[in-house]
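Trainee: I would like to learn how to read the ligand sites in a model like this one. Can we go through it step by step?
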Amino acid sequence: MARSPNEGLHVGLIMDGNGRWAQARGLPRTEGHGRGADAVRRAVEAAPALGITTLTLYAFSADNWRRPANEVSVLMGLLESFLVRERTNCRRRGVRIGLIGRRDRLSPALVRAIETAELATRDGPRLYLRLAVDYSGRSAILGAAAGLRADEPCDERGFLRQVNRACHSDPETPPVDLIIRTSGEQRLSDFLLFESAYAELVFVETLWPDFGGEELRRAVESFRRRERRYGGLPSTSRRLGLQNSA
Ligand code: IPE
Ligand code: IPE
Ligand code: MG
């Protein structure tokens with residue numbers, strides 16, 4: 001599933017470090033989540049000019065339910081107010097909002113806010129903003145596999161569509177090109193596992209509330225300097241005709 005260099009980029013962001021940002025300032029962890037919402041706005045604003053056409057933000061993992069009830073409730077409240085406040089802005093800027101993940105464990109009010117935002121922004125042509133909430137990459141793969149039929153062959157592209165459907169994404173969403181994780185942690189934590197087969201990974205020390213458009217630009221620039229080989233040879237070897245030699 002190699003991508004053409006002229007296609008828009010799909011960037012995934014693992015927005016980590018809100019708790020540590022707050023704790024470093026003697027504040028409750030939930031303050032960090034509040035400041036994290038501002039960083040989301042900055043990333044969404046900066047993305048289209050950097051050639052990003054799909055932006056997937058990891059907002060709440062299926063495993064984040066293990067956190068204290070108060071923290072979960074603050075996170076859900078922030079998500080709801082983000083959707084209510086930003087849907088008009090997003091619509092104006094041509095940003096289409098979509099939620100990927102399970103919805104059956106979310107409150108009815110939050111589900112309403114999601115559906116309203118999705119409907120209001122559905123024609124947004126500039127950026128597809130996917131918010132991953134109650135999301136698990138393993139569950140998406142399991143959901144896709146459960147729909148397979150032994151008598152119907154399925155190639156990688158077809159399976160990707162099924163993975164997208166299993167998490168309520170637009171089925172045509174491409175694989176992720178670049179995954180950025182903030183806060184110095186270097187793992188995927190169940191994010192876009194099938195879609196990231198050939199993703200480039202960028203890990204930055206910055207804690208999520210301090211992340212901004214300039215850091216997003218630097219990460220994309222670092223991505224553009226890399227050579228994606230998809231199992232082939234470096235382009236210099238290709239030019240020398242070595243690609244198909246043993
Ligand atoms: C990311 O920040 C937000 C969510 C996972 C919801 P964290 O809350 O994980 O912050 P740290 O990792 O504890 O600093
Ligand atoms: C991953 O961060 C999930 C989100 C950013 C929403 P976590 O902080 O939950 O991940 P782990 O527990 O450190 O792997
Ligand atoms: Mg964390």
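Trainee: How far is an oxygen atom of ligand 2 from an N or O atom in the side chain of Asn 64?

Mentor: A polar contact is a pair of N or O atoms within 3.5 Å; within protein, one must be able to donate a hydrogen and the other to accept it, and residues adjacent in sequence count only if both atoms are side-chain atoms. Here the distance from the Asn 64 side chain to an oxygen atom of ligand 2 is 2.9 Å. Ser 189 also reaches an oxygen atom of ligand 2 with a side-chain N or O atom, at 2.7 Å. For a polar side-chain atom of Arg 181, the distance to an oxygen atom of ligand 2 is 3.4 Å.

Trainee: What should I keep in mind about the model and its numbering?

Mentor: The model is predicted: local features need pLDDT of at least 70, side-chain atom pairs count only at pLDDT 80 or more, and totals for chains, interfaces and linings use all residues. Residues are numbered from 1 along each chain as its sequence is written, chains are lettered from A and ligands numbered from 1 in the order in which they are written, and side-chain values use heavy atoms, with hydrogens and water left out.

Trainee: How much of the accessible area of ligand 2 does the protein cover?

Mentor: Accessible areas come from the Shrake-Rupley method with a 1.4 Å probe; for residues, only the protein chains shown count as cover. Ligand 2 has 390 Å² on its own, and the protein covers 76% of that.

Trainee: Which residues are around ligand 2?

Mentor: A residue is near a molecule or strand if one of its heavy atoms lies within 4 Å of it. Around ligand 2 these include Ile 14, Tyr 58, Phe 60, Asn 64 and Arg 187. Strand E2 (residues 52-61) gives the largest share of this shell, four residues. Helices (H or I, at least four residues) and strands (E, at least two) are DSSP runs, numbered from the N terminus.

Trainee: Which residues come nearest to ligand 1?

Mentor: Asp 16, Gly 19, Arg 20, Arg 29 and Arg 67, out of 13 around ligand 1. The side chain of Asp 16 places an N or O atom 2.9 Å from an oxygen atom of ligand 1. Gly 19 uses a backbone N or O atom, 2.9 Å from an oxygen atom of ligand 1.

Trainee: Which helix gives the most to the shell around ligand 1?

Mentor: H1, with three residues. Helix H1 (18-23), helix H2 (29-46) and helix H3 (69-92) each supply at least two.

Trainee: Is Asp 190 buried or exposed?

Mentor: Buried means under 20% relative accessible area, exposed over 50%, partly exposed in between (1.4 Å probe, protein chains only). Asp 190 is buried, at 9%. Asp 190 lies in the loop between strand E5 (178-181) and strand E6 (200-203). Its side chain makes a polar contact of 2.8 Å with that of Ser 136.

Trainee: Is Arg 92 buried or exposed?

Mentor: Arg 92 is exposed, with 62% relative accessibility. Arg 92 belongs to helix H3. The side chains of Arg 92 and Asn 89 form a polar contact of 2.5 Å.
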